[in-house]
Amino acid sequence: MSRIGKKPVAIPSGVTANIEGDTLTVKGPKGTLSLGLSELIDYKVEDGEIVVKPANDTKAARSFWGMQRTLVSNLVEGVTEGFTKVLEISGVGYRAQAQGKKLKLQLGFSHDVDLDVPEGLEVKTPDQTTVEISGVDKQAVGQFAAEVRRWRKPEPYKGKGIKYRGEYIFRKEGKKK
């Protein structure tokens, strides 16, 4: 039995959820999200909550159960609160600047890195070393944050690079004398 899958997903006020065919659509104050439904799982919208159960007793259905419930939960959380990832840039001369639908990064290369911000995401740079990526789709926010981080991952000697806020970089000692 899935401990996560057993819990129904509560639908807060101001949010509507409906199932049409093989798609679950959730509408809320921040926008609309949809999820393609798996045939291994039964989904029901009843009494202000979404119930997710395995369609049969196969191993595959039980394996999908908790993950599908979490995906449904992410839809509801995304349209009510949204998701945010904060990246911190450290290094001499490393900086970021949001310019409309573009993110300009200076990361020690001979050229600037210009990234197009995907549709549905918002990028802010409160200062030159902080990048805040926010949106309603958790997967899209995480994917774009990973693409930004990919340009200069933190290195273990000085800790320079782009890291997530709260991420710990294991530092190496270097040579001993």
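Two strands pair if DSSP finds at least two bridges between them. The views below use that sense of pairing, and the model they show is predicted.

**View 1. Strands β5 and β6 meet at Glu46 and Glu49.** Glu49 in β6 is the bridge partner of Glu46. Strand β6 covers residues 49-54. The pairing of β5 with β6 is antiparallel and runs over six bridges.

**View 2. An open sheet holds three strands.** The strand order is β1-β6-β5. Pairing within this sheet is antiparallel. Why does one side of β1 and of β5 lack a neighbour in the sheet? β1 (9-10) and β5 (41-46) stand at the edges, and each has a single partner strand, so one side of each stays without a neighbour. Strands of a sheet pair through backbone hydrogen bonds.

**View 3. Helix α2 lies across the sheet strands.** The helix spans residues 59-80. It lies across β1, β5 and β6. Relative to β6, helix α2 runs at about 165 degrees.

**View 4. The largest nonpolar core has 20 residues.** Which of them touch the most other members? They are Ile89, Leu103, Leu105, Val131, Ile133, Phe144 and Val148. Elements that give two or more residues to this core are β7 (83-90), β9 (102-106), β10 (113-116), β11 (121-124), β12 (130-135) and α3 (138-150). Helix α3 gives the most, with four residues. Nonpolar side chains tend to be buried together in soluble globular proteins.

**View 5. Val148 and its contacts.** Leaving aside residues up to four places away in sequence, Val148 touches Leu87, Leu103, Leu105, Leu115, Ile133 and Ile162. A second core is separate and has 19 residues. Among them are Ile11, Leu24, Leu37 and Val79.

**View 6. The whole protein chain, for orientation.** The chain has three helices and 13 strands. Its C-alpha atoms fill a box of roughly 65 × 45 × 25 Å along the principal axes. The radius of gyration is 21 Å, whereas a compact globule of 177 residues would have one near 16 Å. Buried residues make up 34% of the 177 residues. The chain exposes about 11,000 Å², and carbon and sulfur atoms supply 48% of that area. How many of the contacts between residues at least 6 apart in sequence join residues at least 24 apart? The share is 50%.

Notes
Residues are numbered from 1 along each chain as its sequence is written. This is a predicted model: local features need pLDDT of at least 70, side-chain atom pairs count only at pLDDT 80 or more; totals for chains, interfaces and linings use all residues. Side-chain values use heavy atoms; hydrogens and water are left out. Contact means heavy atoms within 4.5 Å. Axes are lines fitted to C-alpha atoms, for helices over the stretch in contact, and angles run from 0 to 180 degrees between N-to-C directions. The radius of gyration is taken over C-alpha atoms; the globule rule is 2.2 Å times the number of residues to the power 0.38. Buried means under 20% relative accessible area, exposed over 50%, partly exposed in between (1.4 Å probe, protein chains only). Accessible areas come from the Shrake-Rupley method with a 1.4 Å probe; for residues, only the protein chains shown count as cover. A nonpolar core is a set of buried Ala, Val, Leu, Ile, Met, Phe, Trp, Tyr and Cys residues joined through side-chain atoms within 4.5 Å.
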